[in-house]
Amino acid sequence: MKLVVNGEEHDVAAETLSELLVLMEYEGKWLATAVNGELVHREDRFDRSLKDNDRIEILSPMQGG
């Protein structure tokens with residue numbers, strides 16, 4: 001399935017947001033996620049299905065300032 005992740009198109013075999021995070025090696029990291037502009041809480045990532053052409057944003061906090 002084709003997904004746009006952080007502005008870049010990817011062809012991946014992930015059916016849920018949680019599976020996508022594992023495939024992209026983000027599993028276990030502190031981060032925020034959104035699908036099509038909607039925030040997805042950590043506990044909802046296993047249930048959040050993905051569809052062709054979904055736009056996913058993956059953001060990780062930064063230290064400093």
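Strand E3 pairs with strand E4 (residues 38–40) in the antiparallel sense over three bridges, where strands (E, at least two residues) are DSSP runs numbered from the N terminus, and two strands count as paired if DSSP finds at least two bridges between them. This is a predicted model, in which local features need pLDDT of at least 70, side-chain atom pairs count only at pLDDT 80 or more, and totals for chains, interfaces and linings use all residues. Residues are numbered from 1 along each chain as its sequence is written, and side-chain values use heavy atoms, with hydrogens and water left out.

**The hairpin of E3 and E4**

- E3 and E4 form a hairpin with two residues between them, and Asn 36, which lies in the turn, has a positive phi of about 50°.
- Val 35 has Glu 38 in E4 as its bridge partner.

**The partners of E5**

- Strand E3 (residues 32–35) also pairs with E5 in the antiparallel sense, over four bridges; Ala 34 has Glu 57 as its bridge partner there, while Ala 32 stands opposite Leu 59.
- Strand E1 (residues 2–5) runs parallel to E5 and is joined to it by two bridges, and Val 5 stands opposite Ile 56 in E5.

**The two faces of E5**

- Strand E5 (residues 55–59) has a covered face, made up of Ile 56 and Ile 58, and an uncovered face with Arg 55, Glu 57 and Leu 59.

Note on methods:
Buried < 20%, exposed > 50% of the residue type's maximum accessible area, 1.4 Å probe, protein only.
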